[in-house]
Amino acid sequence: MSEPARTPFVASLPEAEALARLPGSGVAWLDAARRENLDAFAAAGLPDTRVEAWKYTALRALAQRRFAHRDAQAATRAVDAAALALPGVDGPRLVFVNGAFRADLSSLAALPASLSLRPLSQALGEDAEGLRFALSHRYREAGDAFARLNAALAGDGVVLRVAAGKAIARPVHLLFAGAPAEGDLAWHLRTIVELEEGAELALVEHHVSLGAQKQLATVVSDVVLRDGARLDYAIVQDAAEDATLIRRSQLRLGARAQAAMHVQELGGALVRHDLRAELAGDEARLATHGVFALHGRQHVDTQLAVRHAALNTASESIWRGVADQRSRGVFRGAIVVAEGADGSDASLSSKNLLLSALAEIDTKPELEIYADEVKAAHGATVGQLDERALFYLRSRGIPHAEARAMLTAAFCRAVLQAMPNEALREHVSQLLLAHLPAE
Amino acid sequence: MLKIENLHARVEGKSILKGLTLTVNPGEVHAIMGPNGAGKSTLGNVLSGRDGYEVTEGSVSFEGRDLLALEPEERAAAGVFLALQYPVEIPGVNNTYFLRAALNAQRKQRGEAELDSMQFLKLVREKLKIMQISDELLHRAVNEGFSGGEKKRNEIFQMAVLEPRLAILDETDSGLDIDALKQVAQGVNALRSAERSFLMITHYQRLLHYIEPDFVHVLADGRIVESGDKSLALKLEEHGYAWVNERSPAGAQA
């Protein structure tokens, strides 16, 4: 049997020797992991829609493109600092432009002693061994192509640690910005977050566009909450409209740990987010609230997987999707209650709104229960704006576009209301409406 | 103010209005009565611009403008208000927010300054007093979980805030007990003025005990077959709609 032809995507990958340019090169286990993941990616290429995890998201067009995996000018590209600001988010800030750390745009002075926040490139130089567990991972699933690619090529990212028992007062802002560059550019970042016992943190992951571009970005995040830790984690994805953004977030919650996630998917042409959470310790609690608002030909795919693996754990997931014009939204929400995870309480709601006859939303809740005394509820709907409500608003004088926006915002309210940061919530609500065309 | 001439309208291909003619002058209260299926609600919906109602003949002018050429929101800004028979519940949209958005949208369309939240609140307080409505309704989502009576009162309250030139009340009395009916009627009466006209669409003359009309029209098979003063309503009560059918000129619709 002959080898399948190498796609342009695979053919344009950097050679193994180029890995030597990445930060951390020379650390034997890291070199081995990078090489192995690169080889595995090159051999398998991008998955096609026969792979279950990619059933609704075709990568054929991406496979035909060639990318440069490094922006030589990333460190010096001009950036309008105003484009980076987020209301209500005024704490320490780590900024990456086209995948490169930018100390000049970051704000790392006067960090509280209980907070360690460094770019990965720096952390690798100071203490590579401490990162070994996270960075030596081999990704073996057929659907893991981008995690492999990221493991092979990510040379920078975020390493964040909060000391036991400490609460960080101001939200930490992680900024991943795409700036216009020559040619098709790909960049890869790795994030490692650890909250030690009883630590508390508010974290904002912010994907922002600094101008029109067609980049491919991958971000892989590992977030560990030790016993009793608390995390409020907002992801504001407002990437460039032609960008491809592939993310994987993996959370692990220890006993009595609590995580609340707020995800807003607004930008991007092709967006994929794998959000996997493991409730590993007794009485861990997870809440995920997410919304996508799509227009044009956007394709946004969220794959949520929550695993209850300990006693008396709880998870609540509320997701809303809005698709206009020819956009397509995909949401898969899988909850697994593992054997022995008795007393688990899990709920999942996915409600979706089609604003156009040409838009499409595929939603698929899944529930697998292997334990006793479990409370589980899930539901998914796809519908349209209520014509009666629309007429009612118009009959009171509210113009059509405004009435549509009002009803759409109301539809998403259950998700946005869960954000505790009021200024950020208000800003995100406005962003969301701005992303829906007024017809 | 409102001049309807020879109005014909279809719903889903079916002719409902078949040559309706009616003139309403400023300050007048007209009651439109008729049996089920006569076209009463269709009239309200056509006048307010709801989708799905196709006007095939005739005209409607409102203060000299071609009403049928306007979008629903433009009709509202021009001063036409429809109190719905079944007010819609809108979860997630706060009643006060909705009402302020509506008022300001109308003012904007009319080229008037929008009200800020302080000015709006002052206006709302005045109107609540007139309507004798508790402000508790304001803090809830639009009509969500409201009782039938609360929904209808909320319609009248909206009307009080929006101050239309022409109010069309579509079966506002349906589903109300006598106390709720009195409250609604009281609200409407408080809004009667020399500049504001009302078109009350109703099946029963019960409401007319509490809101006295200047004119009563009987609508049957898509046309007005009888007009008179309020005594006409009493005759209807006595004899029922069968009496009208007997009197309607047979074969008059060509």
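**Notes on the predicted model**

1. The model is predicted. Its largest nonpolar core holds 193 residues, and those touching the most other members are Leu253(A), Val322(A), Ile168(B) and Met200(B).

2. Leu253(A) can be followed in detail. Leaving aside residues up to four places away in sequence, Leu253(A) touches Leu225(A) and Ala259(A), then Ala277(A), Glu278(A), Leu279(A), Ala280(A) and Gly281(A), and also Ala284(A) and Leu286(A).

3. Chain A contains 9 helices and 19 strands. Of its contacts with a separation of 6 or more, 84% are between residues 24 or more positions apart.

4. On overall dimensions, the C-alpha trace of chain A spans about 70 × 55 × 50 Å along its principal axes. Buried residues account for 50% of the 439 residues in chain A.

5. Where the chains meet, 20 residues of chain B are in contact with 16 residues of chain A. On the chain B side, the elements giving two or more residues are α2 (72–78), β7 (90–94), α3 (95–109) and α5 (148–162) of chain B. The largest share, 5 residues, comes from α3(B).

6. What is the make-up of the side of chain B that touches chain A, in nonpolar, polar and charged residues? The residues on that side divide into 12 nonpolar, 5 polar and 3 charged.

Conventions: Residues are numbered from 1 along each chain as its sequence is written. Chains are lettered from A and ligands numbered from 1 in the order in which they are written. This is a predicted model: local features need pLDDT of at least 70, side-chain atom pairs count only at pLDDT 80 or more; totals for chains, interfaces and linings use all residues. Two residues are in contact if their C-beta atoms, placed from the backbone, lie within 7 Å. Helices (H or I, at least four residues) and strands (E, at least two) are DSSP runs, numbered from the N terminus. Ala, Val, Leu, Ile, Met, Phe, Trp, Tyr, Cys and Pro count as nonpolar, Asp, Glu, Lys and Arg as charged, and the others, Gly among them, as polar. A nonpolar core is a set of buried Ala, Val, Leu, Ile, Met, Phe, Trp, Tyr and Cys residues joined through C-beta atoms within 7 Å. A residue is buried if 20 or more other C-beta atoms lie within 10 Å of its own, exposed if 12 or fewer, and partly exposed in between; C-beta atoms are placed from the backbone.
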